Amino acid sequence: MASTETTTSSTTGKPDDDPTGPATAAPGTEAPTDPPADSPAEAAARATAEGDGTAAASGTAVSTEAPAAAGAGEPRPAPGDLAGLEAGLDALDSSVVSRQPWLRTVLSKAFPPLIAIVIVLGLWQLAYHFQLKPHYLLPSPLDVFRSLQQKWLEGTLLSFVWTSVSRGALGFLASVAIGTVLGLVVARVKLVRAAIGPILSGLQSLPSVAWVPAAIIWFGLSDATIYAVVLLGAVPSIANGLVSGVDQISPLYLRAGRTIGATGLAGVRHVLLPAALPGYLAGLKQGWAFSWRSLMAAELIVNAPDLGTGLGQLLEQGRELQDMSWVLAAILLILIVGIGIELLIFAPIERRVLRSRGLLVKS
């Protein structure tokens, strides 16, 4: 009986022993000891903890994936991840602008026009050198510069420029006042648009010089003739520009204005004109160009001692004297004044308006 119990205990061994393992350890080595067996409750607790740790470790990867469908039972993106995604999209839409030194900015904007001017002067000098026209018909750039220098030394050059600029500015301001009211009426009253809308478009395409003979008959050789030609040339352009700007306004803006009580003149001031400002500004630019051209056409024809001498009269005097250097100098001054007013007044205003509305991005 004793031998039987001994044999049974040696064959069963401990509960954790591997029955297929060696019965004895090699000499000089220690037999590996297995950890004690866990109870069923401890095993269940350990499995639960391991499952929680695995879910926590993979929580970041899960949270970055959007659920396939609402209510599918998958975890939703974390608020921090959504904020990071929105910031990334904003970074893609916006451009990072580093402030450049003022000297580099001036050179980048002034260098291309200077190159173009140098090319034109070079071609002009070549035409003078190879006598494409006789020298009295095609003077050199240096001859034109000497003519301007002579007028400057006589002290009359600035008075010529100021006479034309003051006339142009006054006529343009009057055109803005009339053209704005006319444009608003045409844009908002359907009957008026049907009646005079095509007439405004026709007047805009009519050359301003065509009004000079009629204005001379109406007002004689006076300043009224010059201003009448300027108004008839600029008002249609300003009115049509405002009409185009009003037509591009979203109806949602107009309904929102009426909802908050912005009707009548208040609606025009606070809703209509601000919303139509880009198109209105384009009309103002075109109106200035038409008023300046109309003024030169009027000054060329309406020439009287009592009216003073503007750039148009200066151009006509050069023609009467057959002085081509004088004529080209007057043309150059007219071009410089027109471009200068465009670059110094209208271009900054247009950039500011477009940038404030997100229509122009700095590069």
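Visitor: Which helices each supply at least two residues of the lining of the largest pocket?

Guide: Helix H5 (102-129), helix H6 (141-154) and helix H15 (324-356) do. Helices here are DSSP runs (H or I, at least four residues), numbered from the N terminus. This is a predicted model, where local features need pLDDT of at least 70, side-chain atom pairs count only at pLDDT 80 or more, and totals for chains, interfaces and linings use all residues. Residues are numbered from 1 along each chain as its sequence is written, and side-chain values use heavy atoms, with hydrogens and water left out.

Visitor: Where does the largest share of that lining come from?

Guide: From H15, with 9 residues. The lining of the largest pocket has 19 residues, and Ile117, Leu332, Leu335, Ile336 and Ile339 lie nearest the pocket centre. On a 1 Å grid over the protein atoms alone, a pocket is an open set of points where a 1.4 Å probe fits, with protein on both sides within 12 Å along at least five of seven lines; lining residues have an atom within 4 Å of a point.

Visitor: How much space lies in the largest pocket?

Guide: About 660 Å³, taken as the space filled by probe spheres set on the points.

Visitor: What is the lining by class?

Guide: 18 nonpolar, 1 polar and no charged residues. Ala, Val, Leu, Ile, Met, Phe, Trp, Tyr, Cys and Pro count as nonpolar, Asp, Glu, Lys and Arg as charged, and the others, Gly among them, as polar.

Visitor: Staying with H15, at what angle does H13 pack against H15?

Guide: Helix H13 (residues 277-301) and H15 pack at about 170 degrees, with axes 11 Å apart. H13 and H15 are therefore roughly antiparallel (over 145 degrees). Among the residues in contact (heavy atoms within 4.5 Å) are Trp288 and Trp292 of H13 and Phe346 of H15. By class, the contact of H13 with H15 has 14 nonpolar, 1 polar and 3 charged residues.

Visitor: New topic. How do H7 and H10 cross?

Guide: The axes of helix H7 (residues 157-188) and H10 come within 6 Å and cross at roughly 40 degrees. That makes H7 oblique to H10. The contact of H7 with H10 divides into 20 nonpolar, 5 polar and 3 charged residues.

Visitor: And what about H8 and H10?

Guide: Helix H8 (residues 190-205) and helix H10 (residues 223-247) pack at about 125 degrees, with axes 9 Å apart. The residues that meet include Arg193 and Leu200 in H8 and Pro236 and Asp247 in H10. By class, the contact of H8 with H10 has 5 nonpolar, 4 polar and 2 charged residues.

Notes. Axes are lines fitted to C-alpha atoms, for helices over the stretch in contact, and angles run from 0 to 180 degrees between N-to-C directions. Angles under 35 degrees count as roughly parallel, over 145 as roughly antiparallel, 65 to 115 as roughly perpendicular and the rest as oblique.
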